[in-house]
Every structure is written in C-alpha cells, then in structure tokens.
Amino acid sequence: MAKIKANRANEPVWKEYNVHSKLPQELKVLDEIAHNLWWVWNYEAIELFVSIDKTLWSKTEGNPVLLLQSLSYSRLEEITKDKKLMASINAVYAKFKAYMDEPQSTTIPSIAYFSMEYGMTNVLKIYSGGLGVLAGDYIKEASDIHADLTAVGFLYRYGYFTQSLSMDGQQIANYEAQRFDQLPLSQVLDEEGKPLVLEIPYNLFTVYAHVWAVNVGRIKLYLLDTDLDLNSEWDRSITAQLYGGDNENRLKQEYLLGVGGIMLLNRLGIKKQVYHCNEGHAALINAQRLVDYIQNDGLNFNQAMEVVRASALYTCHTPVPAGHDYFEEPLFQKYLGHFPDKLGISWQEFIDMGRANPGSAEKFSMSVFALNTCQEANGVSFLHGEVSKKMFAPIWKGYFAQESHVGYVTNGVHMPTWATSEWRKCYEKYFDKNFYNDQSNPAIWEKIYQVEDDAVWDVRMALKKRLVKYIRESFKDSWLKNQGDPSKVVSILEKINPDALLIGFGRRFATYKRAHLLFTDLERLSKIVNNPDYPVQFIFTGKAHPADGGGQGLIKRIVEISRRPEFLGKIIFLENYDMRLAKRLISGVDIWLNTPTRPLEASGTSGEKAEMNGVLNFSVLDGWWYEGYRESAGWALTEKRTYENQEFQDQLDAVTIYSMLENDVIPLYYAKNSKGYSPEWIQYIKNSIAQIAPHYTTKRMFDDYLKRFYDVLANRSKELVKDSYAKARELAAWKEEVALHWDDIEVVSITYDNDHINQGVEVGDALSATVVLDKHNLQGDLGLESVQFSTDPGNNVDTIKIQPGELIKTEGTKIYFTIRIKAAQAGAFKYGLRVYPSNKGLPHRMDFAYVKWINI
C-alpha cells in the first residue's frame, strides 16, 4: 500500500478581473468631465477632483478616470449627501457644458493634424518631450478657438520610458504598460457596436488596428493601436513604444501614421481643407491621398499632385539633417513597393520623390518627400526657419536658400495649461475679462504693471514653496533607494531652500543641449553655490534617449557631481522628467537656464512656459529666445560664435555664465528691501510678463499658422478643385508641356548696351542688355531675371539682389527681354541671368523649380 501524500496541488490558475466603482446617476457628470481633457487646463475641475479624494488624486498621479473607478461605495454616498461638494460638481459641469456648446468657427479652415506624439497630460503617456507637448498644446488651443480640427496619432501600450537612476547615477529605462481602461479615452465602435478594426494594407500583408478617441475639449484625437490578436507578434509591436525598435519598425510606424491615418479619416467620413504634418514622420499621408484622388476621382498622378500639394503643410522641428528619418531603398521597397502601381508611375519616380538628388543612390528621406508633396513648409522659430532654408536648399537647385518658400511660425505654449492656478487667478483679477480669448494682445498683459509688488512676490514664493514640498514628497523614496546613504538623503531634503535663488534646467539630455556647461569650472561653481549670504541652488532634470550614450553620460556626470560634499543639496537631479514635474519646476524656480549649441535649438518651449509664471529666462540667443529676449526681462548669451572650435566656445560660454551670475543675476535677486524681496527683481518679472509672454502663446501661434499657411492653402485648394478639378488639370497640363519642351529653349542673343562690366564698375553705374530667347515648341510664358550676390568672409552667400527683366515684344516663338543691373554699392559681386517658367497659378517658384541659367 502506497503512502498517501500529505500535500498535492498543481500551480494556481488565475484570471484577472477588475472591479470599478459604479457612479450614482447624479455623479455621472464627473465621468463625462474626466473623459474630456478639458479638465487639464481648467483648475476648477482639478480642484474639484482633489476635493473628492486628495489622497487618491495623488496616488493616481492626477488621473480622474482612475480616481472615480477607485472610490469606495461609502465615499460615493458621502459625496451625494455633501451639498457644498455637489454644488461644486454642478458648477464645474455647467462651465464645461457651456464651453462645449459654443459653436464651431466658420472662418477657420478645417484641419487634419498628424503627429507621432501628443503631450496633453502625464496621465496619457503618448509623448516623449517637446514635439509631443507642442502638439498637445496646439490641439488644446484649437479647441479654445473653436477650430474644426481632427488629430491622428498612436496609442502606445508602453509609451515612452519611465526614468530611474541606479546607485551610480546611470539612467535606467523602465517601460510600463498602460491600462487603456483606466485612461481618459474611449474605444471607437463600428456600425454594429463592435470595436472598429481598421485594415491597413502594407506591401504583401495587412496590419489591423483598433481606434481610440480622446476628447480634448471640442477636438477629437484618434489614436491607432495595433496590439490586437489579429496581428502577428511582429506587427502588434508597431504601437508598443514611442520611438522604440529599429529602423524597420520606425518605417512601419510612419506607414501606419501616414497611410493608416488617412484611411482612418476616410473610414470615419472625415474630410478636411488642410492636412498638416507635424514633422516628417507623417509625410506618407500624401502618398495615400494621391492614391485616393487617382482611384476615386479619376485624376492622373500629376493632377492629383496639384490637389494634394495645394492642401498640405509640413512643419519641421529638426535643425540638422541627421535628425531626419532616412530609409534604405530595399527596406523602403519592402513596405511601399506596391505604391507606384497605384499611382501610375515607376518605382524610380516614386523613390526619387524622397531624394534631394533624383536618380542618385541616396536613402529615402521622409522630409524631402514631405517637401515635394506639400505646398507649404515651415520651421518653428525665425532662426530655425533660416536654418531650414539652408538645409533644404539642395532640393531646389536653381534657387538660393534665401529665396526659399520655407517660412516659420515660432512655437508657443498653451497658457491655460502651463500657467499655474495662482498666476491665472492673478491674471483673471487684474486683466481684461476677454483675456483668454485675446491672449496674444500685449496691451492686456501690460496691466501686470498695475499689480502690487507684494502680490507678485507672494505668488512667486507660494510656487517656490510648492516646488520644494513636491520634491520632498515625491523623491524621498526613490532617493533612499539609489543614494545609498539615508543621512545624505535627509541632508539634501533639508538643504532645499525656497528662499535661495533657484535655477532650473530641464530638457532632453542630448549633447547639443550642453547640460555640462555649468560644470566646466567646479571650483568657481562651488563658490557660487556655497556663499552663505547669497545661497544659489541648481535643479536639473531630463531624460536621455536609451540609445544616446552621450546623453546618459551627461546625466551620470551631473549626478556624480551632485553627490560631492560641496554640492550636496546645492546641485540636485530629479529623475523622470514628465509633464507633472515640468509644471512644478518651470513655475517654482526663479530662473530657467538653457545653454544649447548655436543654432541647434529649433525653438524650445520650456522657457516659454516659465514666462507664463514669472520665471526669468537665462539662455543662449537661439530658438525662440532669439526673438523673445528683452533687456531687463531676462539674460542672454550672444547668438554669435567667437570660436569655430566647439570646445573653446563651450569654455567661453561657461565663463560668461559664471560672470553674469556673479555680477548681474545674484546681486539683483538679493537686493532685498525690508519686505524680503528685491523690487528690481520684481520689475524684471513684470517686464518679462508684459513684454514677452503675450508673444509666445499658442493663441499667437495658431493665428500665425492661420494667416501664413492655413488660409493660403484653403483658398488655393478651393480654386484648384472647383468644376471637377479644372484648374488642377489645367496647371498639370501646363507643367507637363513645359517639362516636355524645357530643353528646347534657345538663347538667340544677348546684346549689351555698354561694356561697364569689362571696364570696371563704379557705384551708380548700370548694365543694360537685351536678351532674345526662342521657345520653339514650348507653350506658355517664360520669365527672365538677373541675380546678383556677394559672399561673406566664409564664402557663404551674403546678399542677393534680383532684378526682373521686362518683356518688350514677341515675334512668333521668339521673346525679347531688356534687363538692367545697377551697381548700388561697392564690393565684389557675381551676377547671372536665369530663365524660369511663369504662371500666375503657381504659389511660389519652388512649386515648379525649373531654371535655365544663361551663359553670359
């Protein structure tokens, strides 16, 4: 007989289920508010959720959906019986409904907006940094101004990484899965009430995507999600991580965003007047739009291109060529090899649309494709616009960078999101009642000068104390884990001083951001932070891309320095920079420091957020600060380089920073009166708010896009599509005719009226000539112009002067021009004559960049 075993059990089999609170009928309005990100920029709503359960609000990291799901039955009963709280709920809901019920604008063109990331709240982790936060701010502003805008992006299962630090200061990237049922979004259903499944045909296979909707005030943001069983494991991961995976996964993501994004709008029956690519990631929207016009409207490729281009805008956020997406031809063909047949063109013609030099072996550039399929393009600050013109000039070889159509709109920030409730209440008290609808009006902001100095200082100190409290409460546990010595952690927490001059530095840790600059001379820095009479503390935060070893090395270096005895509690690094920490930091420090390598800061918006909160900027004159800086409202390092050697330039800039801190910034802050603050410092704050802040809101930014691009595109597109695309067909036919016979143009003669050029030219002299061209078989008009330019000491094109020729007569296929070139100033110049096709239907020369230079 066998002995009976005392214990026998297999492994437990568990199935997870979730229990959520069921809201009483009278509290259903809370769920409606929680599922619309309107609450993010309305402090009354946030204060309401905090009052419902302050502990849960903190535990859920400010997620009202999860907060409501987590409320106990007894707490729900308490809320319904609390008359004061119920009155607050009804008041906030009434404000929300009044906002939502306002009519849509009939004067703003309708817009489809595409972006890889959106930063709207820390709760929804579908952003990594500035690009996403800018996109999030932008669609919030679109809601506020009643725009008809639909946005498209991805719902990432893991989003961007959560950052922690090892004991030795090494960045650790943690990817935490998002629970979609706990987020402020809803799944889009099909006509049968089932989850909508979008089928996106890649070359040789199909990817399936669920669709989620986020309500951002009045705006719908649709998010694609490939994490479903219909997909292979390989394809489920397309939307797993933001900027995750290899180059092949990046191409699959950009295909999904562009091609899938347009297919999604088609499936939902959404048509817009303007299609806006926020970075080159979304460029393939135009590939699918071309297919749609060809397959559905009977247009050929060239006709469809006229229509697509006339309604498309590409915004570039990247100041260097290496920052753009490029794909090898075999990889690109693997996923888009089926597109040429759909478009009715050859593979060579298709891939050349993404090459600055068609016919070469260059990789396919999403940015070049965007520029070739969008009528308009822009950088995100004045300087970045100029840099972009030079960067993209090789695409249009007949023209100089200075002639490029590439424009700019300087980024702004959504003031209601980034101004703290303390500042907003101050603005509401002293500013015009129409303030929020007219934020970019400087006259309104000038009323800050009427606010008592005491009131300004009280707000500033309240925010500094809030920051210190936030640091002490939020980082104590993580510091105890990675600092090793509990006594050091206690010492750091005790030394954080709201009365000290607090200087913040928060951004992505890319090497060009030069986070290391402050640590060039540690002895001098030590004297600055250890002055007992004028204490100064620096607070750093930021993430480095997991593949950026240089950026991670900078973080490790700063953490190591912060742990040295002389810097303990004086140099602080806060891990996991997200939108929550950002708002506390940009409002709680006294100075926002920014030290990028010129001219690599496309715009930068963290300093603009600081402006909304009376925090002064100290930055290199690059990006937005090149335009924003005002004397006695912040501090600036010159935009001009002294040394070509970057190491020497870094040393000079570091010395300049130390000197300005020692001689200007610190003495100004500590010139305190009997009330404990510096009146001169308060004046700087008021100057900053009055003279800078109104120019860097998303209200001004949206107004600029409307005036410079959206209206232009909508109006021209409307003309091209009228009468069954009559103008588009006509323009395409003209371009085909010019292209066919362009090489037929013959220069018959050039006759100079004098010989000044060969004899020497004096200021005031003019060179006149008659140029005769024979068009032969070419139909349509031609233009002729003289181009003069000079170069600077670095042999870069400096000034350009263009003088159009005058058409004086036509004889058969021959056309006669007179041209006059005047020497207006002394110097060495070059000049030439060029011929170009002329048509009033073109939006600009880059739209059809055919140029023939004449041998003179």
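In this predicted model, helix H22, which spans residues 522-529, packs against helix H27, residues 646-669, with an angle of about 15 degrees and with the two axes 11 Å apart. Because angles under 35 degrees count as roughly parallel, H22 is described as roughly parallel to H27. The crossing in which H22 passes H27 is left-handed. On the side of H22 the contact is made by Arg-524, Leu-525 and Ile-528, while H27 contributes Val-655, Tyr-658, Ser-659, Leu-661, Glu-662 and Ile-666.

Aromatic rings were examined next. A pair of aromatic rings is described by the distance of the centres and the angle of the planes. The count comes to 57 aromatic pairs. One of these is formed by Tyr-113 and Tyr-118, whose rings are tilted, with 6.4 Å from centre to centre and 55 degrees between the planes, and both of these tyrosines are buried. Phe-180 and Trp-212, in turn, form an edge-to-face pair, with 5.3 Å between the centres and 70 degrees between the planes. This pair links distant parts of the chain, since Phe-180 lies in the loop between strand E4 (171-174) and strand E5 (186-187), whereas Trp-212 belongs to strand E7 (residues 205-216), 32 residues apart. Phe-180 and Trp-212 are both buried. The ring of Phe-180 also has the charged end of Arg-157 sitting over it, 3.8 Å from the ring centre.

Elsewhere, ring pairs link a cluster that includes Tyr-202, Phe-205, Tyr-255, Phe-332, Phe-339 and Trp-347. Over the face of Phe-339, a member of this cluster, lies Lys-342, at 5.2 Å from the ring centre.

Definitions and conventions:
Residues numbered from 1 in each chain as written. Predicted model: local features only at pLDDT ≥ 70, side-chain atom pairs only at ≥ 80, totals over all residues. Heavy atoms only, no water. Phe/Tyr/Trp six-rings, centres within 6.5 Å; stacked < 30°, edge-to-face > 60°. Buried < 20%, exposed > 50% of the residue type's maximum accessible area, 1.4 Å probe, protein only. Helix = DSSP H or I, 4+ residues; strand = E, 2+ residues; numbered from the N terminus. Lys NZ or Arg CZ within 6 Å of the ring centre and 35° of its normal. Axes fitted to C-alpha atoms, helices over the stretch in contact; angles between N-to-C directions. Parallel < 35°, antiparallel > 145°, perpendicular 65-115°, else oblique. Left-handed = near helix turned anticlockwise from the far one by under 90°. Contact = heavy atoms within 4.5 Å.
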